Amino acid sequence: MTKVMPKGSNTPLSNVAAVRAVLRWRLVAGAPDVDASALLLAPDGRVRSDADFVFYNQPRHPSGMVRHLRKSRLAGEVTDTVDIDLGKLSAEIDRVVVGASVEHGSFDEIPGLQILLYDIAGGPNAEALARFDITDTAGVTALLCGELYRRGGGWKFRAIGQGYSSGLVGLATDFGITVEEDEQETVTGPAAGSPAEPEAAAEPLPQPAAEPEPVIPPLPSQPPTPPTPQPAVPQPPLQPAGYGYPPPHQPGLLPEPPGFALPLQGPQFQHANR
């Protein structure tokens with residue numbers, strides 16, 4: 001039998017090793033969408049690191065013990081689900097908070113919002129262990145729906161229903177999640193239908209003024225230098241050589257050795273009887 005819980009009440013989870021926390025609401029045209037999330041908290045009430053925040057952009061904890069599942073629609077209702085393996089969670093984890101957020105509008109626009117807790121071992125047709133109907137959500141954009149916490153060696157579930165007007169970013173930072181200014185869009189998501197701002201055109205860099213080309217004056221014209229006259233070397237007249245005869249000796253061209261005289265010259269071939 002499902003236990004209907006008022007705000008602030010708790011219930012033990014005896015012999016439950018793994019639970020399924022289901023957010024459920026009625027589908028209404030124009031109403032904002034709801035996103036479930038989970039925060040794994042140490043005994044000091046804060047996350048150990050940003051990895052302990054499980055939501056739509058980080059749907060699985062590194063340990064694999066907490067998982068954000070896909071949304072489901074059936075018979076005019078929408079559900080968003082988080083599975084938690086309580087029996088396998090690290091001893092460093094003291095609590096698991098189940099949260100919810102909307103990107104546009106607020107929770108008072110969402111009818112029939114409730115959180116239900118199931119024993120995963122019971123199968124898909126098992127009856128819910130507990131149900132908490134969430135109300136008093138005017139102006140609220142993020143919610144702490146409920147929490148699972150250790151008590152006496154076991155686990156309990158508490159119905160919280162505490163709201164935030166600062167959205168998922170406000171909820172996350174309240175438990176130690178570091179959200180830098182440039183990361184807020186990753187956590188909250190971009191506004192639907194909002195046009196992207198055009199990039200500003202880069203201003204051209206100033207160019208230095210071009211320096212004028214230096215004017216090089218022409219060199220003064222110089223009169224051509226007349227060539228130096230060379231003394232003419234007298235050449236002896238050449239004598240035509242007859243066919244078959246060497247040219248006659250021309251004295252003065254080469255020094256003649258002492259006692260040298262040319263033999264008598266004449267026809268090379270003459271008949272002896274002629």
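**Close-up views of a predicted model**

Figure 1. Ala-38 of the chain stands opposite Val-54 in strand E5, strands being DSSP runs of E with at least two residues and helices runs of H or I with at least four, numbered from the N terminus. The model is predicted, so local features need pLDDT of at least 70 and side-chain atom pairs count only at pLDDT 80 or more, while totals for chains, interfaces and linings use all residues. Residues are numbered from 1 along each chain as its sequence is written, and side-chain values use heavy atoms, without hydrogens and water. E4 and E5 (residues 53-54) run antiparallel and are joined by 2 bridges; strands pair if DSSP finds at least two bridges between them. E4 also runs antiparallel to E9, with 7 bridges joining these two strands. In that arrangement, Leu-41 stands opposite Arg-95 of E9.

**Figure 2. Covered faces of E4 and the setting of Ser-37.** Of the 7 residues of E4, 7 are buried, that is, under 20% relative accessible area, with exposed meaning over 50% and partly exposed in between (1.4 Å probe, protein chains only). Asp-35, Ser-37, Leu-39 and Leu-41 lie on one side of the strand and Ala-36, Ala-38 and Leu-40 on the other, and both faces are covered. Why is Ser-37 classed as buried? Ser-37 is classed so because its relative accessible area is 2%. Apart from neighbours within four places in sequence, the contacts of Ser-37 include Phe-53, Val-54, Val-82, Val-97 and Leu-168, where contact means heavy atoms within 4.5 Å.

**Figure 3. The largest nonpolar core.** This core has 39 residues, and those touching the most other members are Leu-13, Leu-23, Ile-84, Leu-89, Phe-107, Ile-115 and Leu-148. Such a core is a set of buried Ala, Val, Leu, Ile, Met, Phe, Trp, Tyr and Cys residues joined through side-chain atoms within 4.5 Å. Strands that each supply at least two residues include E3 (19-26), E4 (35-41), E8 (77-84) and E12 (142-151). The greatest contribution, 4 residues, comes from E3. Beyond its neighbours within four places in sequence, Ile-84 is in contact with residues including Ala-17, Val-19, Met-65, Leu-89, Val-96 and Leu-148. A second, separate core is made of 17 residues, among them Val-169, Leu-171, Phe-175 and Val-179.

Figure 4. Most residues other than glycine have a negative phi, and most peptide bonds are trans. Is Asn-15 buried or exposed? Asn-15 is exposed, because its relative accessible area is 81%. Asp-136 likewise has a positive phi, near 55°, and is found in the loop between E11 and E12. With a relative accessibility of 70%, Asp-136 counts as exposed.

**Figure 5. The chain as context for the close-ups.** The chain contains 2 helices and 13 strands. Of its 274 residues, 34% count as buried. Among contacts with a separation of 6 or more, 65% are between residues 24 or more positions apart.
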